[in-house]
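This briefing is for a reader meeting the structure for the first time. It begins with a term used later on and then goes through the chain topic by topic.

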Amino acid sequence: MAGSSQEDKTKLEVSIQHECLPSILPLELWSGIATMVASNSIEDLFNMQASCRLFAAACNSDAVYRHALVSVLPIACFLDYSGTPAMTFLRRCARARNPAAMLRVGMSHLFWCGHRRGGMRTLTEAADLGDVEAYYIAAMLLLSLGDKTDDEVRRGFEFFCVVRDSGTVERCREVFTGPWSDIPPANPKESVSCRSGSCRTRGTIGDDSDLSSVACVQCLAEYEVRKFLGLTAFK
């Protein structure tokens, strides 16, 4: 009988410890753990969120959504799924100022909802937060807008310089090769004319030009816009 009583007591202590362990730590610490989880795996974040009420509360903070690893999600997959849970999650991340999420929401606004100015604003905000892909697409769109202002042209060149200095132009170009609508296609037979009055290139750049000898960043930016528009699928 005594052994049975001791065994029951041990089981009770283990059960109480198992149930109360999460509440021993403050919610802020669990939120910090959830932030680290989110920055490594969205799937693990969802699993943690579904584990218990405490974890669900810990995951429901701006810091968690701001650092969620959204960059692994293909951009194009959100363009036709405005009302899905995935898009709801993405918007929550964007409200928390997650730059990768803002990029995807901005692209959805531009190419699915047709909210051109609002989409551009979201893209430029994502670029200002340091997302290199947002820098690239914002530069391409700002420099290809039909009614662009001088300030938009200036920002477009600035954004392109950031991408060029990071050495990610070709990678970003591949990311955005796809069925983007509402952007006029480029004519690959037309060479690029530079806007800069101080350009040393003094002429135009064709597809067969040696870009290694081109020092003018504005020439290179204009060439990249033409290259980008030519690669997108409008057919």
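Rings of Phe, Tyr and Trp (its six-membered ring) are taken as a pair if their centres lie within 6.5 Å. By this rule, Phe-46, Tyr-65 and Phe-89 form one aromatic cluster. The model is predicted. Its chain has twelve helices and two strands.

**The chain as a whole**

- Along the sequence the elements follow the pattern α-α-α-α-α-α-α-α-α-α-α-β-β-α.
- The chain has 235 residues, and buried residues make up 41% of them.
- Among the contacts with a separation of 6 or more, 62% are between residues 24 or more positions apart.
- The accessible surface of the chain is about 13,200 Å², and carbon and sulfur atoms account for 54% of that surface.

**Aromatic pairs**

- A pair of aromatic rings is described by the distance of the centres and the angle of the planes.
- The count of aromatic pairs comes to four.
- In one of these pairs, the ring centres of Phe-46 and Phe-89 are 5.1 Å apart and the planes stand at 80°, so the pair is edge-to-face. The cut-off behind this is that planes over 60 degrees apart count as edge-to-face.
- This pair links distant parts of the chain, with Phe-46 in helix H3 and Phe-89 in helix H6 (residues 85–95), 43 residues apart.
- Phe-46 is partly exposed, because its relative accessibility is 38%. Phe-89 is buried, because its relative accessibility is 11%.
- Tyr-65 and Phe-89 also form an aromatic pair; it is tilted, with 5.9 Å from centre to centre and 50° between the planes.
- Here too distant parts of the chain are linked: Tyr-65 lies in helix H5 (residues 62–66) and Phe-89 in helix H6, 24 residues apart.
- Tyr-65 has a relative accessibility of 9%, so Tyr-65 counts as buried.

**Packing of H2 and H3**

- Two packed helices are described by the angle between their axes and the distance between the axes.
- Helix H2 (residues 27–38) packs with helix H3 (residues 42–49) at an angle of about 145°, and their axes are 7 Å apart.
- On the H2 side the contact is made by Trp-30, Ile-33, Ala-34, Val-37 and Ala-38, and on the H3 side by Ile-42, Asp-44, Leu-45 and Met-48.
- Sorted by class, the contact of H2 with H3 has eight nonpolar residues, no polar residues and one charged residue.

- The buried residues of H6 are Met-87, Phe-89, Leu-90, Arg-92, Cys-93 and Ala-94.
- Most residues other than glycine have a negative phi.
- Arg-97, which is not a glycine, has a positive phi of about 70°. Arg-97 follows H6.
- The loop that holds Arg-97 runs between H6 and helix H7 (99–113).
- Arg-97 has a relative accessibility of 40%, so Arg-97 counts as partly exposed.
- Pro-74 is in the loop between H5 and H6. Its relative accessibility is 52%, so Pro-74 counts as exposed. The cut-off for exposed is over 50%.
- Pro-74 and Arg-104 are 30 residues apart along the chain, and their C-alpha atoms are separated by 8.7 Å.

**Thr-122**

- Thr-122 is part of helix H8 (residues 116–128).
- Thr-122 counts as buried because its relative accessibility is 15%. The cut-off for buried is under 20%.
- With neighbours within four places in sequence left aside, Thr-122 is in contact with Met-102, Gly-106 and His-109.

**Cysteines**

- A search of the whole structure finds zero disulfides.
- Cys-59 is in no disulfide, and the nearest cysteine sulfur, which belongs to Cys-52, is 8.9 Å away. A disulfide would need the two sulfur atoms within 2.5 Å.
- Cys-59 has a relative accessible area of 1%, so Cys-59 is buried.
- Cys-161 has a relative accessible area of 25%, so Cys-161 is partly exposed.

Key
Residues numbered from 1 in each chain as written. Predicted model: local features only at pLDDT ≥ 70, side-chain atom pairs only at ≥ 80, totals over all residues. Heavy atoms only, no water. Buried < 20%, exposed > 50% of the residue type's maximum accessible area, 1.4 Å probe, protein only. Axes fitted to C-alpha atoms, helices over the stretch in contact; angles between N-to-C directions. Helix = DSSP H or I, 4+ residues; strand = E, 2+ residues; numbered from the N terminus. Contact = heavy atoms within 4.5 Å. Nonpolar A, V, L, I, M, F, W, Y, C, P; charged D, E, K, R; others polar. Phe/Tyr/Trp six-rings, centres within 6.5 Å; stacked < 30°, edge-to-face > 60°. Areas by Shrake-Rupley, 256 points an atom, 1.4 Å probe, with all protein chains shown as cover.
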